[in-house]
Amino acid sequence: SIEQALSEEFQLPIVVWGLRRNITLRHLLGEKTLVCVSITSVLTEEEPIFDVLIDGLFGLPYVPILFMYKRLGNAVPSVEQLKILFAWCWQNRFINVFLTHQHGRSRNRSGLDLYTYTPFPEVTIKNLSQSGYQHKDVLLDLRGHEFRVPVFQDPLNVFQRSNGRLSGAFGYMFASYVRHRRGRLRLELAVDVDRYNYHEHLMLAASRGEIEVGVHPYSTMLPGSSLTEGSFPVGLTNSCVLVPWQRESPPGRFIRIAARVNGCFFVVLLLAMTLTWHLAAGSSERGIQLSLAAFYQQSLPDREFHRLTEPYKCIHVAVLLGAFILWTMSTANLSSVFTSQNQGSQIQNVDDFLATPLRLMVTHSEVETYFDAGLLPSGLKPRLLVVNRSTLAEHLNRLNTSYAYCITTEHWEVVSMQQRRLHRPRFRVATDICTSIHFLRFPIQRNSPFRRNLYRFLTHSRQHGISSYWTLRSSLDAIHAGLVVELTDDNQSFQSLNLKDLQLLLKIYFASLLGCSLCLLGEIAWKYYRDVKDTK
């Protein structure tokens, strides 16, 4: 029999598979396992075993299947019948299929005819009895096969350039795969879809069988992602709250530093000097006058300095030296607050966010994705500002720091590229206000034969660094197409000093001069009083 001849030729055991439809071999068969199926007709409606194959081998397109055709009188199937059989195989994604039949009554090897097929560019029958068998992956040459691909503008993942070609990190990957396999792309612009609204209808197009593979990856955070039947992971992603950098104005920072250093020292100095002078001479007023003179670097006349006691002379000189150091530090701080990049207290968690007047601008779909599903803290709900997609895109594209935003890992790369030429970046990610890590997946038909081949192509491109080149090239394409605008300090500069800030600094300076003047007038008045008292 044919079964015995195959068993002796390939040294394989014989397994009899009946007509039970509730048996699946998905986790039992390997790629080199040969499934032998005896049939008496090549017409699918006449042979019930074909329905069993659909149920039992679903999702196993690479498993080799050998149909052993046996019919009374060894009738040879016609070419049209073979085309019908192999068309059914391609329709159900069985790509590694062979058919053999025995002609005449000979049971030797020359009495067997072996056929297979290739689905590209159309179902074509091959007679291996004449050409001989050579193992070849038919998916390495997709000549003539067309992939229908819905596309929307999502830099830097996937977007369409002005010349009609795909760009983006994943767009280049898929286009390169199709080009190297000699296939064709038919791009279709998806209406009313963007990165803020990747709705279920487009996500489930592959599950419905409308497309073979979707080029836009989706995350498992999205509502309806659990309904997709087939997919494979392409990376990891999460979403965080994008918050503006918190920076104090230069005058405010200088006042805070000067008050903390000079102010505290001045208060302690007055108390210590007053107490010391009161204990030494019983005159607290004299202690206050000398404290002011020392703090504002006013020298005492020689005659008045010699009247001081020896311990207080040491104290007075030490105070003069300390005040000199403090005023030097103040001058250094005055210049450093305008040149240094020291940041203020930043927003890290929900409490920090609520301590600011910021509001979180989101769309209705983002509310459903992040807050209704509990992926982001519910404490942010009172601060939500729900707007439409166009409003959110307008504010976020201009990097408007009046609001905070929800942003994915992929979109953060876009924002980083927008602000990389700014002297001071505007936004940062609040690392403690993020979702958990989720898979980023490609939508694909569950029974698609391209799944493993495409996944290997993606893996090899990452191992050899080609994906990094695609990412860099997509960045340049997005800038050239105007989808991403790099902000510079020329067209949108950060906040600089204005006239009011300079007026505030002048007021501080004149207040210091006024203090020095009052101290000088006090010294003159005190000297005049002592001179009048001595003449009497």
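Leu360 stands opposite Leu384 in S14. Strand S13 (residues 359-362) and S14 pair in the parallel sense over 3 bridges. Two strands count as paired if DSSP finds at least two bridges between them. Helices (H or I, at least four residues) and strands (E, at least two) are DSSP runs, numbered from the N terminus.

This is a predicted model, where local features need pLDDT of at least 70, side-chain atom pairs need 80 or more, and totals for chains, interfaces and linings use all residues. Residues are numbered from 1 along each chain as its sequence is written, and side-chain values use heavy atoms, without hydrogens and water.

**The sheet**

How many strands form the open sheet? There are 5, in the order S14-S13-S15-S12-S16, with mixed pairing. Strand S14 (384-386) and strand S16 (427-434) are the edge strands, and each pairs on one side only. On average, neighbouring strands are turned by 40 degrees against each other, direction ignored.

**Helices on the sheet**

Two helices touch these strands. Contact means heavy atoms within 4.5 Å. Angles run from 0 to 180 degrees between N-to-C directions, with axes fitted to C-alpha atoms, for helices over the stretch in contact.

| H12 (residues 364-371) | S12, S13, S14, S15 | about 110 degrees with S13 |

**Leu518**

Leu518 lies in helix H17 (residues 499-535). Is Leu518 buried or exposed? Leu518 is exposed, with a relative accessible area of 54%. Exposed means over 50%, buried under 20%, and partly exposed in between (1.4 Å probe, protein chains only).
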